[in-house]
Amino acid sequence: MCGIVGIVGDYDARNYLINGLKSLEYRGYDSAGISVMSGKEIMTYRVVGRVNLLETKIPSLINVNLGIGHTRWATHGEPSFNNCHPHKSNHGLFTIVHNGVIENFHEIKNELIQKGYTFYSETDTEVIANVLEDEYGSTNDVLSAINGCLKRLHGSLAIAIIFKNFNDKLFFAKRKSPLLIGVGETTHYLASDALPMIKYAKKFIDLTDNQYGFISKNEVKIFQDGIKQRAKYTTRNAELLNTDLNGFPHYMIKEIEEIPSCISRLVDNYVNNGSYCFNKEMIETLRKSKCISFIACGTSYHASLIGKNYLESIGKTSNVYIASEWAYFPKFLDENEVFILVSQSGETADVITCLKILNQTHTHPSITITNTKGSTLERDATYSALLYAGVEIAVASTKAYNAQVALLYLLKSAIINDTNAPFKLLDTNNLLTDIIKRKESFKEIAEKIKNAHHAFFLGRGLDYCVALEGSLKLKEISYIHSEAFPGGELKHGPIALIEENTPVFGFITNKRISQAMRGNFSEITARKGTIYSFVTKENAIDNDTFVIENYDSELIVLATVMITQYLAYYAALLRGNDIDKPRNLAKSVTVE
Ligand code: M6R
């Protein structure tokens, strides 16, 4: 969702802001803008559309060293020129960009209107700019104004602020939405994540909730409720933040084909000389707990379903909750229940809300599984385990899902100290490489289904978990309406939707359910639906669409899900869709 960049110092602000916004495009957005300060003048450029368009509006020769930029994913008000950020306060004292949602903005907006303020947009951001001005009116001090603003406003905000009278300081505040400071030699940076800053900053400061302050060419000052805070520096691995396409036409296909290297990297990070090197206390906590529950959204939720199966196979009780549901109806099934929060971005607002609820209990330990070092979920959980999958740019998650499943497999194996498991996991790469080699088959299938209005995915057991993920992937990027069902549920309703040529993707990777699934396939063909069957050798019959080598029933999901990722990719490609930036979606869902 919305992305923020900011800069002050010696480095060319235009270059950083434009390139920075480009590197945040993957988060999802509909409009973009920047404000830069030259002398005492603040110049603002805004567009509805892409950063490339914004770039054409900004004079190439401007020489500025302080500025802020924003990509907006509309929440309050449609994508329009007036709603684009940056927004300025009525008397032009404050110009700001914002990521988050102000919950009491109607109330505060009315208060400000009573005081004579006028609003030119539908955004909650313009309210923040005017609250800052209002607070400044009574304190005459920018930092006190920001602190006052944080107290008056409820909800989430990461803001970068230009104050009209200072052309050497860039102000900021953070609550719930992500914001990082990048420390360069004679320049300081702000951004929603480390990507825009990785080429310039040597170290980073991950701001925590309710911190505010300013950066200048040579200093960083952080405060919380009027009290100066010590900056905690962190670093990032530039290799994991590499965004080169390396010759691939889209990030999605590049990321699918990185899956084998992600698996090898995971094993490298968590297994040393045949022994697991997870945090010992974390593994002990998992061992002691009878009940381990997952909380996640979207693709991470689907990976958690596989995790639940893994944990049940070693005798644990396990549940999986959708974060936005658990947040409103929290359930605790056991006094020693441990919660695993799975999130690629580590910044998903719904999951963060759940973590806050958990942290308030002081009794239930939390473990975050995330791909994003320094993210809120990583920092605020009792324990965390990184995915080391490398930055995922395509909005549709692929390699992160596989890394989540692989990490969950390693975790359950570490709990029972199964030292053979890492080798089995590494061996899976042969199967995955074989799938990659045969990707043209998935393009041929996509060609046949590309004009379908509806598609269905069927499976049982772990194949059903894969079906759910495959269906989500297809709808996300091809915009073909798609649903997934357990094979047995078909005749309890969904079969009513099967018409002539309706594509149904069916999976059989387990002998136990082979016959039952074949029954389901017959029910579909009897209604003239078209079955595309993906089956293991031992379950194959003539005319199956795609046959996979027999493989470990827990790990084969890593291969079958890859098939669904390719199917979605090629269907979207053939339909001419924007694969890496599908409509309406955001990579990092930072609002509830
Ligand atoms: O960053 P997270 O894993 O917490 O994100 C959760 C979902 O928003 C995400 O998986 C979403 O479903 C993706 N677009 C899936 O491709």
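Predicted model: local features only at pLDDT ≥ 70, side-chain atom pairs only at ≥ 80, totals over all residues.
A search of the whole structure identified 29 salt bridges.

Within helix 8 (residues 280–288), arginine 287 and glutamate 284 lie three residues apart, a separation of about one helical turn. These two side chains form a salt bridge in which the closest N and O atoms are 2.9 Å apart. Arginine 287 is partly exposed, its relative accessibility being 35%. Glutamate 284 is likewise partly exposed, at 33% relative accessibility.

A second salt bridge pairs lysine 412 with glutamate 554, and the closest N and O atoms are 2.9 Å apart. This pair connects distant parts of the chain, the two residues being 142 residues apart. Lysine 412 belongs to helix 13 (residues 399–415), whereas glutamate 554 is located in the loop between strand 27 (546–548) and helix 18 (557–574). Lysine 412 has a relative accessible area of 7% and is therefore buried, as the cut-off for burial is under 20%. Glutamate 554, with a relative accessibility of 17%, also counts as buried. The salt bridge between lysine 412 and glutamate 554 thus has a buried residue at the lysine end and a buried residue at the glutamate end.

A further salt bridge is formed by glutamate 447 and lysine 450, with a distance of 2.5 Å between the closest N and O atoms. Glutamate 447 is partly exposed, with 40% of relative accessible area.

Notes. Residues numbered from 1 in each chain as written. Heavy atoms only, no water. Salt bridge = Lys/Arg side-chain N within 4 Å of Asp/Glu carboxyl O. Helix = DSSP H or I, 4+ residues; strand = E, 2+ residues; numbered from the N terminus. Buried < 20%, exposed > 50% of the residue type's maximum accessible area, 1.4 Å probe, protein only.
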